[in-house]
Amino acid sequence: MKIDDNPTSASQHPLRLSRWLFRSFRVNSIRTRLLITLVFVVVLTALVISGTAALASYWDRQQYVLDQLEAVAVAKETEIRTWTDNLQIDLEALLFQQDVLLRVRSQLQFFVADVSRLQRDLEEDFMNTVEVTGRFEEIFLMDREGRVIASSNLEQKGKIFSQETFFQEGLKGPYIQPATYYPALDKTSIIVVIPVFDQDGKTVLGVMAGRANLNHLNKIMIERTGLGNTGEAYLVGLNRALLTESRFPGYQPLKTYIRTDGTNKSLNERLNGEGLYLDYRGVQVVGVYRWLPQLQVALLAEQGQTEAFNAVYTALIRDIGIALGAVAIFVTIGLFMTRNITDPLIDLAGIANQVAAGNLGLVVDISRNDEIGELAHAFNSMTAQLRGLIENLEERIHERTQALEAGALISRQITTILDIDELLLQVVNSLQTTFKYYHVHIYLINESTGELVMREGSGDAGRQLKAQGHKLPRGRGIVGSVAERAEPFLARDVNQIANFVRNPLLPKTQAELAVPLRKGKTILGVLDIQSEELGDFSEQELTLMQSIADQIAVALDNARLFQSLQATAAEAEELTRHITRQSWQEIGSRTQTTGYTFTTQGLMPASNDWLPAMDRAISQRSLVQYADEDGRSPTEAAGGVAIPLILRGEVIGVIGIERPVERKWSEDEMVTIEAITEQVALALDAARLARETERSAWRDQVVSESTAQVWSSAELEEVMRAAVAQLGDKLRASEVIIRLGTETQLAQN
Amino acid sequence: MNTRLSQYLLIGLLLISSLLSGCATISAQEPDKVTVQLSWFHSVEFAGFYAAQAQGIYSAENLDVTLLPGSPEIVPHREIAESKVDFGVTGGDSLLIARSQGMDIKAVATIFRRSPIVLMSLAESGIKTPPDFIGKRVGIFSPAFDNANDIQLLAMLRRLNIDESEVEMVVIEEYGLGSLTSGAMDVYSGFSTEEPSRTDLENVQLNLIYPQDYGVQMYANVIATRSQLIEERPELVERFIRATIKGYQYALANAEEMPELAVQYDSNLNLEFQRASMLAEVAMIDTGDVPIGTMDEIVWEDTQQILLDQKFISTSIDLSTVYTNEFVEKVQ
């Protein structure tokens with residue numbers, strides 16, 4: 001994410017370097033795009049400027065060189081024209097000398113026998129001219145057949161040039177034979193001719209010719225002012241022969257043939273011009289060529305392109321250097337600029353990513369006054385807001401969870417506590433402490449008066465109000481109206497409520513929430529909550545409190561129901577016991593025998609036999625075991641058990657069992673005794689009930705009080721006999737006593 | 001509408017393709033086979049022919065040219081007249097003589113505009129001008145004087161009013177400067193492009209006497225063909241001459257390439273000598289005043305006059321039937 005991960009370590013390894021570069025210059029990053037754009041703009045500008053400048057200076061330079069060459073060429077052309085004119089003038093001047101003309105004419109006309117003298121004089125004239133003027137290599141005179149009859153070069157004498165153009169043309173008038181190769185001379189020559197007329201000036205007697213000495217041309221051309229180090233000017237004949245010296249070795253004049261773009265243009269098309277082309281050495285030159293019609297030659301002035309454009313190249317290299325330097329500087333600046341712009345953005349992006357991952361505590365540390373600073377500032381305030389929002393949300397979730405937990409706790413309390421007073425106390429206290437309310441209290445409707453009585457309240461105020469027996473009539477105040485309308489009521493600012501009655505014990509109340517305790521359509525009371533904070537209580541709280549109120553209502557109802565059920569059950573039980581007691585109290589008076597005793601001697605009715613343990617069994621209402629330590633038994637030491645006969649919670653008799661001490665009572669025997677006792681109690685009751693039913697029926701029929709005496713106790717006695725007999729038999733007891741009677745009756749023993 | 005358009009398109013395409021195939025058959029036409037009898041052994045003298053072949057100039061004219069080297073035994077004008085070859089290189093004098101003998105032959109271009117024929121003597125012999133030949137042994141190729149060198153020698157002597165009986169004519173048996181250095185003769189007859197080019201190689205100094213300096217100028221190597229061929233297939237002659245002249249233009253502009261090219265035709269050639277020859281030839285081929293290959297009336301007139309004077313021919317021939325520049329003039 002950051003550009004400079006670690007460039008120094010990256011450079012240690014080419015792979016790492018390339019990876020670093022790749023990461024640093026991702027094409028889709030702003031940095032890379034900025035940098036590329038910047039470099040592109042800079043390079044383009046540099047290219048355009050230096051390119052245009054280079055091109056312009058190239059053209060300027062070329063034009064300058066060409067102008068210079070042109071000037072040189074023109075200057076030389078003028079010199080050459082003068083030289084050419086002088087060629088003919090000198091030849092004519094020679095012939096203008098009377099003695100020479102005379103000698104020529106006589107030589108041509110008469111072909112004097114005395115050849116030697118006349119000819120020698122003429123040849124001397126010719127030689128002098130050659131020597132004095134320096135313009136000719138040779139001056140010779142031809143007769144009408146083209147035969148050389150006199151020459152400054154004696155070896156040339158006798159030659160016949162009848163076919164040569166210079167001779168043919170010379171017969172017609174003055175003429176300059178263009179550069180032509182003459183095999184005998186093995187070189188190219190320029191020949192100037194003039195006709196020789198007779199005295200009348202009408203008949204051509206012959207032709208006088210001068211073969212030009214090209215040394216002077218060489219001198220003209222070799223003057224290299226304005227041509228630089230590699231420049232030269234030279235003449236080329238129509239036959240492409242180089243007429244003047246080359247400044248480069250290996251190119252012999254008059255024997256070198258030149259076919260370049262320059263010579264072709266000027267000689268083929270007879271044009272002046274200029275251009276860039278390869279010279280006869282194959283070197284690139286800037287050249288100017290001129291066609292010289294008088295001499296029928298091409299004049300070329302050329303300069304090597306390397307030299308011509310050297311200044312341009314130097315300037316170009318310098319410009320490129322400057323441009324490169326500028327580009328480097330701009331790129332460096334650009335790099336810093338883009339870093340300056342993108343680094344904070346990268347940091348910001350990194351922090352944003354971390355914030356997105358949940359690290360809300362991060363703050364961007366960018367203190368700049370530009371757009372990035374603004375962005376960072378906006379980002380920070382956004383994060384702060386987000387942080388506040390989330391914290392608030394968490395708090396609210398916490399509160400809500402707490403409320404729900406409190407609600408659940410209270411619900412649990414409600415369902416577990418059956419006592420109404422305890423329940424209400426718990427509820428108000430829990431609500432007050434859990435939700436930190438200013439005050440919580442519950443009013444219940446007094447069914448008889450219809451007033452709302454404060455049944456329970458939190459804190460001291462609650463206790464005091466309860467002690468005062470605080471009550472409200474229905475419809476008065478918030479609580480009263482809630483009870484009246486059976487609808488919850490929320491006042492975030494009690495001061496705004498018209499029928500608000502401030503309780504002097506609760507002076508700080510600012511907001512109040514009251515929900516009805518409803519059981520079906522019946523209003524049982526009101527749960528009233530007060531807060532010191534203005535604007536407290538939310539809709540959610542209202543809903544929660546209503547649900548708690550509903551549960552309280554259910555609990556109240558349940559508790560009331562339970563209490564009434566309990567009372568009814570207690571009443572019923574008391575009644576049963578009362579009846580049982582009464583029934584059995586009468587038994588004694590109605591039966592003949594109220595006890596039996598079983599001994600080894602047999603079974604006999606014994607209404608007065610008693611064992612001391614039997615008292616204890618009755619008072620304890622449970623089985624009592626004993627060892628007869630006190631030696632109460634008349635015969636021998638004995639131990640036993642006593643067990644009361646209990647029916648529906650009432651003692652209806654008691655059984656005592658005794659046997660010798662050496663025989664211990666086993667656990668099984670105890671269980672058997674208890675079981676039998678229970679059965680005996682039930683059997684006795686059944687027998688009594690049967691007897692009572694019998695009696696009732698009879699009474700209904702006869703309606704006679706006296707017959708009550710007739711009430712038979714046969715079944716009861718049978719049961720008692722069977723019981724003692726069985727117990728005695730099974731337990732091998734020495735004595736088994738059963739006595740019937742209520743607790744009070746038996747206590748009389 | 002659409003179907004009609006596509007039909008037109010189809011027809012158009014068919015027409016174009018048939019035209020293209022027609023063009024293809026024209027360009028794929030068999031090249032014209034042309035044989036050329038050169039006047040002498042292969043050498044840079046024929047550089048233009050070699051260049052035209054090597055540079056594909058003949059191919060561009062759809063010509064398949066075979067170059068046959070010459071030898072002392074081969075008479076090119078006879079080969080041409082007998083239709084053994086289509087073109088040949090021969091001397092202007094030989095051509096005129098052949099014409100007088102009734103052969104069908106006509107010059108269409110010249111290779112050298114200046115005659116290369118030269119008479120040579122050793123520098124130390126003191127023989128510098130034709131009058132110096134008197135009493136000396138002068139080499140000839142045939143006692144009948146029926147070749148360009150001998151004709152020009154004779155014509156020159158006569159122009160200078162030198163009685164040939166005063167000159168001892170010796171038939172050349174050994175070609176080259178050896179005839180001089182061996183002392184077999186005092187004056188040797190040859191080509192300026194050949195023997196003088198060897199002086200450096202053979203370490204001899206020569207005096208050169210050119211017949212053209214004494215009013216004897218003949219074309220030494222004209223390109224000739226049958227006038228029948230010119231009449232029947234002028235475009236073939238035109239194509240061949242155009243290509244050959246262009247070959248010589250190339251040879252002149254690229255003289256340094258020619259010696260090697262000549263050696264490709266005859267591996268026995270001496271490269272150094274070919275270089276020297278080529279250098280000497282350039283000015284002979286292109287005199288600068290007229291396009292290369294052009295022949296001058298005056299040269300033909302002189303040639304005919306000399307042949308008449310020397311009785312090689314008995315009557316003058318209409319020169320317009322002997323040579324023509326029409327093909328050379330058509331070359332750019």
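This is a predicted model: local features need pLDDT of at least 70, side-chain atom pairs count only at pLDDT 80 or more; totals for chains, interfaces and linings use all residues.
In chain B, three strands make up an open sheet in the order β8-β5-β9, paired antiparallel. The edges belong to β8 (188–191) and β9 (206–209), and each has a single partner strand, so one side of each is left without a neighbour in the sheet. On average, neighbouring strands here are turned by 40° against each other, direction ignored. Strand β5 (residues 117–122) is joined to β8(B) by four bridges, with B:V118 sitting opposite B:G190. Helix α6 (residues 148–159) of chain B lies across β5, β8 and β9, at about 75° to β5(B).

Turning to charged pairs, the structure holds 47 salt bridges over all chains. One of them links A:E123 to A:K157, at 3.4 Å from N to O. A:E123 belongs to helix α5 (residues 115–133) of chain A, while A:K157 is in the loop between β2 (148–151) and α6 (165–170), so the pair ties together parts 34 residues apart in sequence. A:E123 is buried, at 6% relative accessible area, whereas A:K157 is partly exposed at 29%.

Another pair stays within one helix: A:D460 and A:R463 are both in α13 (residues 459–468) of chain A, three residues apart, or about one turn. Their closest N and O atoms are 2.5 Å apart, and A:R463 is exposed at 55% relative accessibility.

In chain B, B:R113 and B:D296 form a salt bridge at 3.1 Å. Both lie in loops, and the pair ties together parts that are 183 residues apart in sequence. B:R113 is buried at 5%, and B:D296 is partly exposed at 25%.

Methods. Residues are numbered from 1 along each chain as its sequence is written. Chains are lettered from A and ligands numbered from 1 in the order in which they are written. Side-chain values use heavy atoms; hydrogens and water are left out. Two strands pair if DSSP finds at least two bridges between them. Helices (H or I, at least four residues) and strands (E, at least two) are DSSP runs, numbered from the N terminus. Axes are lines fitted to C-alpha atoms, for helices over the stretch in contact, and angles run from 0 to 180 degrees between N-to-C directions. Contact means heavy atoms within 4.5 Å. A salt bridge is a side-chain nitrogen of Lys or Arg within 4 Å of a carboxyl oxygen of Asp or Glu. Buried means under 20% relative accessible area, exposed over 50%, partly exposed in between (1.4 Å probe, protein chains only).
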